[in-house]
Structures are given as structure tokens and as C-alpha cells.
Amino acid sequence: MPSDQTRSAILAAAERLYADRGFGDVTLRDIVAEANVNLAAVNYHFGSKDELIAELFVTRSLATNRERLNELKAAEENGGGRAPIEQIFRALVGPTLRGCLGPSSEGSTAARFMIRASIESVPPIRRIKNREVDHLRKFIAAMRRAMPGRDDVDLYWGLNFALAMSHHTIREKERLTKLSEGQCDLNDVQGIIDRVVSVSVMALAGSETPAKKTPGKVAAR
């Protein structure tokens, strides 16, 4: 098998197995058996299990981040250089939610892999998430333009809450379905995006940091 095909076969097999069984239960020997290659091929192309997981996660994350930034750029162009905060949040959470939820997406290997990555906090993925934040800085810059004069701390918290809500919804969708006895429709992806955006905007609108009081003497009574 040519080198490029071997590499692709390893990535495809690893993604399928991780999506089905999780990161802890899959060994490199499982992957080479699934890909019909030898262990030396995995070591040659990736070096370790952690590097293989990292490669898969980076590949999928880059596609999501590219979609996010394209939507953000379009929103700002439509707004003459300043997008409404609702559109900024929609560009931030929409690609992730559409990619992982709904009948047309959640059954795919890619979606199931990314859901695993959200549920299981393994070191290689955690390191990438903590390191790769440049695309999120572009969202913060857009939020500054949308809400000039707003404290940066409020914007960081607002972005963090929006991301947290979208990822928690993906991780806990079965619990929410059971808790609501089916009233919360987790197949209505557009409705989910609308709710996450609406709550994010409300949280940011009501989270303005109060001015800090200057220490001073207590007035005599």
C-alpha cells in the first residue's frame, strides 16, 4: 500500500474506533488490525497514540474553525465592518452544533469522533484546545467592534459561556431529552442554535462589570 494510502487508512480506522469505543479502550494494535497495516506504519507516520489522536482532532477542528471564521467574515461584511452580537455568537456556535447534532450529522463518524472529543478530556486534545485560541481572538475583536466600550472581561466571559452552552448541549443531549420527556427537540438544530445565541446575548447584556469602588475612608456619622 502506498505511503499516503497507508496514512489515510490509519486515520480512518482510528477515527472509526475512537468514535465507537472511546479513546481509553482503543489500542494501537486495534487500529492496525482495523486498517490492515503493521504497527511500524503507525509509528512511522504518527510516532504515538497521542500524536494520532492530536492529528485527527486538529484536522476536524480546522474545518470547524474555518467555517466559523467564514461566517464571521460574512456577518461583518454584511454589517459594513461591524456585525451584530447575535450574528457573532451564531457564527461561533453554529458550525459546532450543526456538525454534531441532528439526524443528518450525528450519525457520521466525524461527528461521533468530535462528540467523543468533547466528552472525554484526554491530554492531547486538552493541550490543543488550550493552545489553539487565535481564531477565538478574532471573535473577541469582532465583539469589541459590536460593543465598543464594553469591558474586555465581560466579552471573554460572554464568549466562554456561549462555547460552554454549545458543548454541554452536545455532551448531555440524551440527559436533556430524558429530563424534558422529549419536549426539548435535539433534532431541531436551528432551534438549538437560536436558543444558545439568545441566552448568550442575554447573559452578556446583563453581565456588565460594575465599576470598582475606590478605597477610601468611611464617612463619619
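Colleague: Let's start with the packing: at roughly what angle do the axes of α4 and helix α5 cross?

Modeller: Keep in mind that this is a predicted model. Helix α5 covers residues 85-100, and its axis comes within 9 Å of the axis of α4. The angle at which the two cross is roughly 150 degrees.

Colleague: And what does that make α4 and α5 to each other, roughly parallel or roughly antiparallel?

Modeller: α4 passes α5 in a right-handed crossing. As for direction, angles over 145 degrees count as roughly antiparallel, and the axes here cross at roughly 150 degrees. So α4 and α5 are roughly antiparallel.

Colleague: Which residues in α5 does α4 meet?

Modeller: From the α4 side come T64, E67, R68, E71, L72 and A75. Sorted by class, the α4 contact with α5 has 6 nonpolar, 3 polar and 5 charged residues. The α5 residues they meet are Q87, I88, R90, A91, L92, P95, T96 and R98.

Colleague: Now α4 and α8: how far apart are their axes?

Modeller: Helix α4 is residues 49-78 and helix α8 is residues 134-146. They pack at an angle of about 20 degrees, and angles under 35 degrees count as roughly parallel, so α4 and α8 are roughly parallel to each other. Their crossing is left-handed. The distance between the axes is 10 Å.

Colleague: Which α8 residues are in that contact, and how many of the contact residues are charged?

Modeller: α4 brings N65, R68, L69, L72 and E76. They meet H135, L136, K138, F139, A142 and R145 in α8. The contact of α4 with α8 divides into 5 nonpolar and 2 polar residues, and the number of charged ones is 4.

Colleague: I like the look of H135. Is H135 buried or exposed?

Modeller: H135 lies in helix α8. Its relative accessible area is 12%, and buried means under 20%, so H135 is buried.

Colleague: What does the side chain of H135 join in a polar contact?

Modeller: Leaving aside neighbours within four places in sequence, H135 is in contact with N65, R68 and L69. One of these is also its polar partner, at 3.0 Å between side chains. That partner is R68.

Colleague: Over to α1 and α6. What does their angle make them?

Modeller: Helix α1 (residues 3-21) and helix α6 (residues 109-119) have axes that come within 8 Å and cross at roughly 55 degrees. That angle makes α1 oblique to α6. In handedness, the crossing of α1 past α6 is left-handed.

Colleague: How many charged residues does the contact of α1 with α6 have?

Modeller: In α1 the residues are E15, R16, Y18, A19, D20 and R21, and they meet T109, A110, R112, F113 and R116 in α6. By class, there are 4 nonpolar and 1 polar, and the charged count is 6.

Colleague: What does the side chain of T177 reach at 2.9 Å?

Modeller: T177 has its place in helix α10, residues 173-179. With a relative accessible area of 33%, T177 is partly exposed. Beyond four places in sequence, T177 touches G182, C184 and L186. At 2.9 Å, its side chain reaches the backbone oxygen of K173.

Colleague: Where does N36 lie, and is N36 buried or exposed?

Modeller: N36 has a phi near 60 degrees, a positive value in a residue other than glycine. N36 sits in the loop between α2 (28-35) and α3 (39-45). Its relative accessible area is 68%, so N36 is exposed.

Colleague: And E181: what is its phi near?

Modeller: E181 lies in the loop between α10 and α11 (189-205). E181 is exposed, with a relative accessible area of 71%. Its phi, positive in a residue other than glycine, is near 55 degrees.

Colleague: Last one: of the residues of the chain, what percentage count as buried?

Modeller: The secondary structure of the chain comes to 11 helices and 0 strands. Its C-alpha trace spans about 80 × 45 × 40 Å along the principal axes. Of the 221 residues, the share that counts as buried is 40%.

Terms used:
Residues are numbered from 1 along each chain as its sequence is written. This is a predicted model: local features need pLDDT of at least 70, side-chain atom pairs count only at pLDDT 80 or more; totals for chains, interfaces and linings use all residues. Side-chain values use heavy atoms; hydrogens and water are left out. Axes are lines fitted to C-alpha atoms, for helices over the stretch in contact, and angles run from 0 to 180 degrees between N-to-C directions. Helices (H or I, at least four residues) and strands (E, at least two) are DSSP runs, numbered from the N terminus. Angles under 35 degrees count as roughly parallel, over 145 as roughly antiparallel, 65 to 115 as roughly perpendicular and the rest as oblique. A crossing is left-handed if the near helix is turned anticlockwise from the far one by less than a right angle, and right-handed if clockwise. Contact means heavy atoms within 4.5 Å. Ala, Val, Leu, Ile, Met, Phe, Trp, Tyr, Cys and Pro count as nonpolar, Asp, Glu, Lys and Arg as charged, and the others, Gly among them, as polar. Buried means under 20% relative accessible area, exposed over 50%, partly exposed in between (1.4 Å probe, protein chains only). A polar contact is a pair of N or O atoms within 3.5 Å; within protein, one must be able to donate a hydrogen and the other to accept it, and residues adjacent in sequence count only if both atoms are side-chain atoms.
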